[in-house]
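Subject: Structure handover

Hello,

Here is the structure I said I would pass on. Please look through it with the notes below open beside it.

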Amino acid sequence: MGARQKGKTWKRLLSFAVVGTVASSLVVSSPAYPLSAAGANSVQNPGFEAGNLTGWADFSGANVVTAFDQVRSGSYAVRTTGLMEQTIGGLSPNTTYMLTGWAKGSSINVDGRIGVKDYGGNELQKEIRSVSYTNAVLVFTTGPSDTSAKIFLWNANGVGELYGDDFTLEQVTNYAVNGGFESGSAAPWSAGASIVSSGQRTGAKAVSTSNSAELTITGLSPNTMYSLIGYAKAGSAGVTARIGVKNYGGSENNLPVTSTGWTQVSIPFLTGGSNTSATIYLWNPAGSGTVFGDDFFVTRVKTDYNTPNQDISFTSSDSVLNDNFAWAKSQAKSYMTSGLGNNFASYWNGYTFRSALYSRDFAHASLGAHLLGMDAENYQTLQKFAASANASRKWYPLWALNFSDVVPYYTDYNSDTSFVREIPAVFELTEKGYKQYLWTGNTDYINDPALVTYYEKSVNDFIALHDANGNGIADEGGTGDIFKGTATYNENPSAHLKEAGDAIGSQYQALLAYSQIQSARGDSAGSGVTAGKASSLKSLFNSTWVNTSSNRFIRGWYDSTKYDNFGKENSWFMPMKLITNPGSTNNNYLDYIDNQVKGLAPFNIEAYTYLPETFFPYQQNDRGVYWLKYIGNSRSTYPEVGFTVVGHTVEGLMGVVPDAPNHKVETLSHLPESVTWGEVNHVAVGNHDLKVKHEGVGRTTLTHNYGSQPLQWEASFPGTHSQLFVNDVAQPASTKVVNGVAVSSVTVSVPVGSSVVVRANIAANLIKNAGFEAGTADWTFTAGTGIATNLPHSGSKLAYLDAGTAKQISQSFMIPEGGTYTLKAWVAAGGSGGVLGVKVNGSAAGSIAIPNVTAYNERSITGIVLNAGDSVQVYVTGPTSQWINVDDFSFMKQ
């Protein structure tokens with residue numbers, strides 16, 4: 001793209017046309033893209049919302065379409081088997097513009113192109129081979145006398161059908177002043193830079209240095225993402241050039257260029273909270289020889305492109321959950337880095353002051369990323385990490401990568417024997433690769449040779465190379481030095497470990513995942529062998545990693561020394577990864593984890609992001625929601641937080657379990673009693689688009705918005721039920737035990753465009769406004785009581801009683817159906833003397849003391865026998881000298 005046209009000395013800057021090879025097909029990333037200075041879209045009828053082809057020249061019988069799966073946003077899109085163009089006038093000479101557009105094919109064999117030509121430079125185009133809408137971004141500079149350009153959508157091989165939507169053409173601003181050195185002077189670049197007039201990439205000039213050339217970029221905004229793109233080359237073999245950025249409020253980052261031909265470098269960076277400038281540079285670190293630079297470009301990154309029709313949403317009876325989900329979705333989307341220069345498809349998942357991707361963070365963020373439409377980003381990032389594992393690194397993947405290639409991020413890498421590495425990440429990449437297959441149905445996750453090699457090495461060669469005592473459990477040296485390798489994600493443990501709970505738990509899940517991958521690939525014998533290894537590992541764990549005296553699991557070992565105290569990740573990963581056997585020890589350990597975390601001073605938010613998925617699988621829904629709200633309420637800018645809030649809401653709270661390859665899905669509500677209903681819309685399971693609504697844990701509605709065929713829905717509910725009601729028609733139910741909890745289910749077929757309701761005979765909570773989210777509604781408060789927001793058990797509100805025996809909160813209601821009932825409430829108190837009680841028809845029917853415990857604890861009164869029509873009053877009375885907080889009541893039939 002760098003050749004000058006005859007007789008012209010203007011610059012064409014760059015194309016953001018980044019294409020990554022995926023298996024045997026080409027998949028183009030969905031990028032974030034530069035912000036237009038002018039902000040005006042010059043494309044006429046850009047989304048075909050006129051309902052016709054107005055503004056476009058059609059050469060192949062294109063037509064406007066309206067089908068759900070064919071339109072990206074709005075009501076219309078276009079379909080073509082050939083070429084269509086639009087000439088855009090009114091442009092300015094020597095001005096840089098950005099073209100964006102979205103396209104997809106009817107099959108992976110469609111060779112789609114979005115491009116621009118006739119603007120005074122060489123034709124630019126971006127290839128799109130994808131069956132989901134994928135963005136193309138092309139940046140070009142008009143010639144010195146050119147005032148128009150022609151954009152096009154082209155089905156280049158005429159195979160199948162190509163769909164297009166949401167085109168924009170906007171002027172963009174380059175913050176790198178004199179980025180192409182066409183002024184003939186290096187200024188305002190620093191001294192040490194020399195201007196050359198031969199060998200340039202484009203235009204008439206370039207810069208050379210034997211030391212460094214720097215430019216201070218001003219006029220930036222704090223807390224804003226920008227992209228640096230530049231070109232460099234070495235003057236001779238053996239010389240290394242580096243392009244980098246610093247002084248922006250984050251860690252300095254630079255990337256090497258060793259080629260003697262022009263090579264593009266791209267680095268995204270996020271300015272600090274008060275930073276309005278940055279320094280970009282071309283550097284010759286050796287100080288000998290010469291390096292060259294040209295076409296530097298710094299632009300603000302925009303992520304608020306048109307919202308697709310299938311944009312995921314969540315609503316519920318709990319305003320805190322709703323607000324947190326909306327915030328998390330917006331936050332996570334803002335971290336897209338795809339398409340910036342030569343970046344592969346990716347999103348920021350680690351520290352935003354480092355321009356790097358992290359294997360641990362990616363593994364945990366990948367579910368949320370899928371739900372937000374970042375499938376290309378997930379796939380290409382997993383490919384890059386998988387490719388970074390090799391024999392010289394003993395099959396560890398790199399801990400951190402730059403965005404543009406499989407290049408180690410320098411902060412975390414010295415050499416192949418000295419780089420940050422932690423055992424759980426090795427196994428989590430394999431586990432998450434299989435889970436992405438279940439969510440997307442993309443068979444490349446189980447067939448791509450590089451991924452399959454990584455999966456196989458992770459559960460075989462890696463374990464063999466890291467098993468010093470020969471017990472089949474991956475271990476490390478126990479030095480605690482992350483550059484030598486550690487067994488745990490906890491980088492600040494109270495004791496160094498050779499074997500750790502988070503490592504063995506992750507190893508177990510990786511073995512299960514690889515067994516399923518082998519099965520899906522037709523290797524039933526190999527699948528059985530791997531499944532046997534997983535079963536043996538779990539048996540070994542539950543026989544040797546339990547301290548019977550403390551009734552706790554052992555979180556790690558250093559030779560024969562065992563540790564069963566609290567270790568954060570290496571404690572909660574064990575039940576989270578389901579390697580622990582359900583039962584009293586596991587239940588006790590979950591209590592232990594919850595109490596320990598709540599008793600500690602706040603620590604790094606990343607660690608907290610695993611807690612919801614520690615409790616939801618065991619139907620400990622109150623705890624799951626507590627920690628889901630905790631991480632959402634943090635409003636942390638650490639990228640993993642936003643992604644995991646989205647993922648935990650769908651997989652954890654709403655209990656959506658995908659099986660896209662078989663066009664199946666399972667649901668199991670994890671709503672606590674304080675959340676009466678929840679609904680998530682536009683959940684992508686393969687090519688199916690779903691809406692799931694839970695009302696409590698006893699009624700679920702699934703709407704099949706779109707799909708290629710009917711969806712098989714396994715509607716599950718807690719408890720043992722002989723029958724479930726499908727659209728109010730009783731059907732026999734099957735019962736299974738999931739993580740120690742009985743679950744009943746029925747499988748129904750849901751046609752495309754239809755809704756099905758399945759319910760169980762599960763009693764409703766008779767207490768209204770049970771969590772006080774509606775303030776004082778439905779309750780009676782005496783003087784000295786009221787509503788507070790400072791320390792709720794869940795949601796955003798609680799009720800309190802000040803000191804005094806006359807203080808009382810109560811609610812009265814009628815019993816609709818005779819039977820035995822239970823009253824429950826979560827309480828906390830600064831002293832003794834408080835009482836939780838129930839009256840029936842004016843007479844005392846049961847009471848229980850509220851203990852002097854300042855942390856919330858659940859109190860219950862069971863065995864309350866009632867008749868239909870009985871009048872019931874539940875109440876709390878206060879102690880004489882201290883406060884009481886109450887929240888989340890329930891009164892339900894047993």
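Predicted model: local features only at pLDDT ≥ 70, side-chain atom pairs only at ≥ 80, totals over all residues.

Cavities

The structure has 4 cavities of 30 Å³ or more. The largest cavity holds about 140 Å³ of space. Its lining is made up of 14 residues, and those nearest the centre are His 364, Leu 367, Lys 432, Glu 613 and Glu 651. H2 provides the largest share, with 5 residues. By type, the lining of the largest cavity has 3 nonpolar, 7 polar and 4 charged residues.

The second largest cavity has a volume of about 70 Å³. The residues lining the second largest cavity include Gly 478, Thr 479, Gly 480, Ile 482, Asn 490, Glu 491, His 496 and Leu 497. Its lining divides into 4 nonpolar residues, 7 polar and 1 charged.

Helix pair H4 and H8

H4 also packs against helix H8 (residues 501-520), at an angle of about 35 degrees and with the two axes 8 Å apart. The crossing of H4 and H8 is left-handed. On the H4 side, the residues in contact include Phe 427, Glu 431, Tyr 434 and Tyr 437. On the H8 side, Ala 503, Gln 507, Ala 510, Ala 513 and Ile 517 are among them. Counted by type, the residues of this contact are 10 nonpolar, 5 polar and 3 charged.

Val 685 belongs to strand S35 (residues 677-685). Is Val 685 buried or exposed? Val 685 counts as buried because its relative accessible area is 0%, where buried means under 20%. Apart from neighbours within four places in sequence, Val 685 is in contact with Trp 439, Pro 658, Asp 659, Ala 660, Lys 664, Val 665 and Leu 690. Ala 193 is 492 residues from Val 685 in sequence, and the C-alpha atoms of the two are 54 Å apart in space.

Gly 526 sits in helix H9 (residues 524-544). With a relative accessibility of 14%, Gly 526 is buried as well. Gly 526 and Tyr 514 are 12 residues apart in sequence, and 9.5 Å separates their C-alpha atoms.

Backbone points to check

Most residues other than glycine have a negative phi, and most peptide bonds are trans. The residues below depart from one or the other of these patterns.

- The peptide bond from Ala 187 to Pro 188 is cis, and its omega is near 5 degrees. Pro 188 is in the loop between strand S13 (162-171) and strand S14 (194-196).
- Asn 223 is not a glycine, yet has a positive phi of about 50 degrees. The loop between strand S16 (212-217) and strand S17 (225-234) holds Asn 223. Asn 223 is exposed, at 54% relative accessible area.
- Trp 395 is not a glycine either, and has a positive phi of about 65 degrees. Trp 395 is in the loop between helix H3 (375-388) and strand S25 (400-401). Trp 395 counts as buried, because its relative accessibility is 15%.

Regards

Definitions and conventions
Residues numbered from 1 in each chain as written. Heavy atoms only, no water. 1 Å grid on protein atoms, 1.4 Å probe; cavity = no way out; pocket = protein on both sides within 12 Å on 5 of 7 lines; lining within 4 Å. Points joined across faces, edges and corners; volume = space filled by probe spheres on them. Helix = DSSP H or I, 4+ residues; strand = E, 2+ residues; numbered from the N terminus. Nonpolar A, V, L, I, M, F, W, Y, C, P; charged D, E, K, R; others polar. Axes fitted to C-alpha atoms, helices over the stretch in contact; angles between N-to-C directions. Left-handed = near helix turned anticlockwise from the far one by under 90°. Contact = heavy atoms within 4.5 Å. Buried < 20%, exposed > 50% of the residue type's maximum accessible area, 1.4 Å probe, protein only.
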